[in-house]
Amino acid sequence: MKKLSIFLLLILLGTVLAACNSDEDAAATDGEVSGEITVWVHPYTSDANEEEAMWDEIVASYEEKFDATVTIETIPWGNRDQKILTALAANNGPDVFYAIPDQMPQYADEGMLLELDPYLEDNNMDDFVDTALVSTKWQDKTYGLPILQEAYTLFYNVEVVEAIGKDPENLPSTWSEFEEWAKAAKEEGYYAYSYQGGGSMNGTLYPFLWQAGGKVITQDDEVMINNAEGVEAFEFINKMYEKGWVPEDSITAMNHDAIWNADEMLAVQGSGISLTNLQESGLDFVIAPPLKNKEQRTYGTTGMFVVPSNSDNPNAAAEFVKTVTSAENQRRFNTVTQYIPARESAKDIFDDQKYLKQLSQYTQYALPGVIHPKGRNIMPMIQAEVQTMMEGEKTPQEAADAAAEAIEAEIAK
Amino acid sequence: MITLNNADKINEEIESHNKGKIPLKDRIKRNKGNNSNSNKPKLPLKERVKKQWDRNAIVYIFLVPTLLHFIVFQVFPFAFSFVLTFLDWKVIGDPEFVGLKHWIAFMNDGLAWKAIWNTVLFSIYYIVPTMSLGLILALIINSGVKASGLFKGIFFLPVVTSFVIIAGIWGWLFRGTESGMVNYVLSFFGIDTQLFLADSDQALMVLAGLSIFKVAGSTMIYYFAGLQSVDKQLYEAARIDGASPLRIFWTITFPLLKPIHFYVAIITTIGSFQIFDSTFLLTGGGPNYSTTTIVFYLYQQGFAGLNLSYAAVLSYVLFFIILVISLIQRKYLGQESNHY
């Protein structure tokens, strides 16, 4: 509570400062780009020097075009939400900051973000990967431009694949094929898949829900989690747990690294980050495309830059967002950070890297989660119902209905 | 509230520095005397203030920084968060006054009550075991066994180790699969694989176990200090009278530790009601909300859901719960011990 109180005090102090500062807002909407902006970024890799050099180049490419100066501030990931909220409330926040998909609609819905559409007419928008733009829009307005994407897909342990008599060159692409492999794995005493029920639903239910053709909730608050497609996803997870295809502790597990590293598991979900770890571990693996049932879908976050609505210099800030997400700068950024560029044309940086090239093709299937201001609030509710189902206390249909009911109650608040 | 205590302590310290080397008891007596005297001749307020200032000016000057800090970082946020409970707080833009909306929402929020109940359950699993384990450990190191310093160090190790690491080890020990350490050991006794953190009946107990493991070392230190201060003559007398060790423990040691019991009970109770990190690190509140504690729920509401006003309501509820329990404990445990 002490922490909270301090936080609230900071907010209040901020409001006081904001009141003192309010006459500054008169600045520009006439399209002129000048002055100074502050950009908040995060440490995307462990190499601070290389990142600094990268930002210097990106900033130089901006300052070449515009008569404005940019200050890059690297903010640690921990408590980033609190830091941004506090600073924005204090009106001394950044002019541009890095945002993640579940943050964007929440902030946009509170009116905290600047709509970027008026600035985007001259920006080559077709080059962006379609799925990357999903998380930048709320109620048909654009609030950010993406710089990076990730795509989760299935990584198979070759040793296990061979042990169950399957062909690592010919991996499952549909639910039914995957089920067949899972059965074979179980018979040979392996776990088929890592279901991390204590973690984010983006890694558990949601991808299956999208693959089944379902949706959690629309932007118009229509709850769809318990329609036929949704229930199919609940059933699939229930089946995996009941049949022992996933470990017994999957209800709340946060990871199954120990099992995977001991070569006792057929497949895990992974993205570019897991790739680095896997290559280091020396485990022999193959990457499969995301699974398909009705649709081929997976989860993959999007990283974007947004402008807070109380920025003192919205023009310069919006132009910076455009510059930093240009094809050229996406190449710079993603070469250093090893994420997947959100522009098709920038994906050529991975042309000679086998695995990253393969992963970068999958971002077209990667949805960024539930894009809704209540996306974060409803996740624990859905999680609780899935857990209840896995414990055997509710049928998939009952669990999906209960989740829908809980979501509706939350939306109505 | 912890800080309140700290502030008091600091005040006391400052005072004791200024009063020189008069023994504590005398000072207390003198203070009492002062109080009763000042009640008799009622000087005008102005003069009383002046007299007080002349006598203790330096104390007040030294107190200013502490008090300022206390007001700015404690009193003010505390009061302001109460105002917040009546507003719909938008981080940017004007807050809207909504009256009792959030308080009413709390009354009807089944999940909040479940979170409170979980926290109460957690306290039941946690407080008494932590106190008794701490006492047992203290008795061990106080018993004069060889290498008691080494034991002290080992028992205290979890306290100084980062919670994240301890939680990681605990989660690894209690993995709910066949290959989990504890399950492996249990299998020798013919016990089936237990789900532990993935079972809504067991998860909270496993988390309580983690906290006991983590905190028992520090309660041990309090009890150890308490044991050292028990008058050795009492033990001697009891032994001469032929009392058994068990009898000595229950009639001398245990009752004389009452102030320590009180202190440790308060500290562990407050700690147990503020439990957050183990849930956050190991279960994410699940399965099915069975480890969603009040602070975890508050965090979800406030910082994940941006529902700051409702989070403020929850923090006030938590405050009142802790306050009431502390008052009850004070009533039953906190009277001055006047055994012997």
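**The end of chain A**

Reply: A:A412 lies in helix α16 (residues 396–412) of chain A. The model is a predicted one.

Me: How far apart in space are A:A412 and A:D221, C-alpha to C-alpha?

Reply: In sequence, A:A412 and A:D221 are separated by 191 residues. In space, their C-alpha atoms are separated by 9.5 Å.

**The sheet of chain A**

Me: Which strands stand at the edges of the open sheet of 6 strands in chain A?

Reply: The open sheet has mixed pairing and the order β2-β1-β3-β12-β6-β13 (chain A). An edge strand here has a single partner, so one of its sides is left without a neighbour in the sheet. The strands in that position are β2 (67–74) and β13 (340–341) of chain A.

Me: Which residue of β2(A) is the bridge partner of A:I37?

Reply: β1(A) and β2(A) run parallel and are joined by 8 bridges. Within β2(A), A:I37 has as its bridge partner A:V70.

Me: What is the bridge partner of A:Y98 in β12(A)?

Reply: β3(A) also pairs with strand β12 (residues 302–306) of chain A, in the antiparallel sense and over 3 bridges. The partner of A:Y98 in β12(A) is A:F305.

Me: Which residues of β3(A) are buried on one side of the strand, and which on the other?

Reply: In a regular strand the side chains alternate between the two faces of the sheet. Strand β3 (residues 96–99) of chain A is covered on both faces. The buried residues are A:V96 and A:Y98 on one side, and on the other A:F97 and A:A99.

Me: What angle does the direction of helix α12(A) make with that of β1(A)?

Reply: Helix α12 (residues 314–324) of chain A packs on the sheet and touches β1, β2, β3, β6 (144–149) and β12 of chain A. Its direction and that of β1(A) make an angle of about 55°.

**Domains and a helix of chain A**

Me: Which element gives the largest share of the side of domain 1 of chain A that touches domain 2 of chain A?

Reply: The assignment divides chain A into domain 1 (32–151 + 301–367) and domain 2 (153–297 + 374–412), with C-alpha centres 30 Å apart. The contact takes 16 residues from domain 1 of chain A and 13 residues from domain 2 of chain A. On the domain 1 side, the elements giving two or more residues are α4 (103–109) and α14 (354–361) of chain A. The largest share, 4 residues, comes from α14(A).

Me: Which residue with a positive phi follows α11(A)?

Reply: Helix α11 (residues 272–281) of chain A is hardly covered, since 1 of its 10 residues is buried. After α11(A) comes a residue whose phi is positive, near 80°, namely A:G282.

Me: What percentage of the 340 residues in chain B are buried?

Reply: The secondary structure of chain B comprises 15 helices and 2 strands. Of the contacts in chain B with a separation of 6 or more, 68% are between residues 24 or more positions apart. The buried share of the 340 residues is 31%.

Me: How far apart are the end C-alpha atoms of residues 115–141 of chain B?

Reply: The unreviewed UniProt entry places the feature "transmembrane region" at several spans of chain B, including residues 57–80 and 115–141. Residues 57–80 of chain B are 100% helix, and their end C-alpha atoms lie 31 Å apart. Residues 115–141 of chain B are also 100% helix, with end C-alpha atoms separated by 38 Å.

Me: Which element gives the largest share of the side of chain B that touches chain A?

Reply: The contact joins 38 residues of chain B to 37 residues of chain A. The elements of chain B that give two or more residues are α3 (45–84), α14 (294–304) and α15 (308–333). The largest share, 7 residues, comes from α3(B).

Me: How many charged residues does the side of chain B that touches chain A have?

Reply: By class, this side of chain B has 20 nonpolar and 16 polar residues. The number of charged residues is 2.

Technical notes: Residues are numbered from 1 along each chain as its sequence is written. Chains are lettered from A and ligands numbered from 1 in the order in which they are written. This is a predicted model: local features need pLDDT of at least 70, side-chain atom pairs count only at pLDDT 80 or more; totals for chains, interfaces and linings use all residues. Two residues are in contact if their C-beta atoms, placed from the backbone, lie within 7 Å. Ala, Val, Leu, Ile, Met, Phe, Trp, Tyr, Cys and Pro count as nonpolar, Asp, Glu, Lys and Arg as charged, and the others, Gly among them, as polar. Domain bounds come from an automatic or database domain assignment. A residue is buried if 20 or more other C-beta atoms lie within 10 Å of its own, exposed if 12 or fewer, and partly exposed in between; C-beta atoms are placed from the backbone. Two strands pair if DSSP finds at least two bridges between them. Axes are lines fitted to C-alpha atoms, for helices over the stretch in contact, and angles run from 0 to 180 degrees between N-to-C directions. UniProt positions are given in the numbering used here, feature names are shortened, and annotations may be inferred rather than shown by experiment.
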